[in-house]
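User: I am new to this structure and would like to learn how to read its features. Could we go through a few of them in turn?

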Amino acid sequence: MDALMTSSAGTVALALVTAWVGYLLGGKQEREKEKRSRNVLAAGELTEPLRELQRLLRRLGRDDVDKAEVVSAFIDWSSAYDNHAHRLPAKWRHLSRSIRDAAGTVFGGVSLVHIRPNLAHLELGEPDGMWQDYADEYLEYAASCLLKWGDSSKSAPTDLMTYEAWLVSTGRREPYGHNRHEPDV
């Protein structure tokens, strides 16, 4: 009888431990699922205004681009970033500045409208095909990184370069402080 009681108690204890571990793991999986879902949403909401900025970059100089469209696109980008920046990897905190740097080289001072609303009166920058291409490619790179980060089936990129670092790494600009006339040491 004692053996039967010990066996039954062991079975009950094992069942309770198994249920408890299952509960803990299930809760963790549910939290991970919710986090992935929020990241997918954030990636989509961050990418949408980037695509609008790209569309405007591509139109500038080919079609009439209304300054109000550019102002609206920067405000939309800034709003999306403000809503989701806390979800991004810590190394990506530069993203808003990098997007502003890239698109700002094309659109000019109006790219600061989300910081200084009084700059909305500034004229758009003059079209420059080279810098438009650079900005467009950087925005595409940033959007791709965001979408990979948000996609739960893929591992997030470990790094998202700043616009300046991206220009240097792609050979579009020399690093600051580099003098072509001095030999490398």
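User: Which residues does Asp136 touch, not counting those up to four places away in sequence?

Analyst: The model is a predicted one. In it, Asp136 touches Gln54, Leu57 and Arg58 once residues up to four places away in sequence are set aside. Asp136 itself sits in helix H4, which covers residues 129-150.

User: Is Asp136 buried or exposed?

Analyst: Buried means under 20% relative accessible area. Asp136 has a relative accessible area of 15%, so Asp136 is buried.

User: How do I read the packing of H3 and H4?

Analyst: Two packed helices are described by the angle between their axes and by the distance between those axes. For helix H3 (residues 95-107) and H4, the angle is about 155° and the axes are 7 Å apart. Angles over 145 degrees count as roughly antiparallel, and H3 and H4 are therefore roughly antiparallel to each other. The crossing of H3 with H4 is left-handed.

User: Which residues in H3 and H4 meet?

Analyst: On the H3 side they include Leu95, Ile99 and Val106, and on the H4 side Trp131, Tyr138 and Leu146 are among them. By class, this contact has 11 nonpolar residues, three polar and no charged ones.

User: Where is Ser111 found, and what is it in contact with?

Analyst: Ser111 belongs to the loop between H3 and H4. Ser111 is buried, as its relative accessible area is 4%. Apart from neighbours within four places in sequence, Ser111 is in contact with Phe74, Arg100 and Gly104. A polar atom of the Ser111 side chain also lies 2.8 Å from the backbone oxygen of Gly108.

Notes
Residues are numbered from 1 along each chain as its sequence is written. This is a predicted model: local features need pLDDT of at least 70, side-chain atom pairs count only at pLDDT 80 or more; totals for chains, interfaces and linings use all residues. Side-chain values use heavy atoms; hydrogens and water are left out. Helices (H or I, at least four residues) and strands (E, at least two) are DSSP runs, numbered from the N terminus. Buried means under 20% relative accessible area, exposed over 50%, partly exposed in between (1.4 Å probe, protein chains only). Contact means heavy atoms within 4.5 Å. Axes are lines fitted to C-alpha atoms, for helices over the stretch in contact, and angles run from 0 to 180 degrees between N-to-C directions. Angles under 35 degrees count as roughly parallel, over 145 as roughly antiparallel, 65 to 115 as roughly perpendicular and the rest as oblique. A crossing is left-handed if the near helix is turned anticlockwise from the far one by less than a right angle, and right-handed if clockwise. Ala, Val, Leu, Ile, Met, Phe, Trp, Tyr, Cys and Pro count as nonpolar, Asp, Glu, Lys and Arg as charged, and the others, Gly among them, as polar. A polar contact is a pair of N or O atoms within 3.5 Å; within protein, one must be able to donate a hydrogen and the other to accept it, and residues adjacent in sequence count only if both atoms are side-chain atoms.
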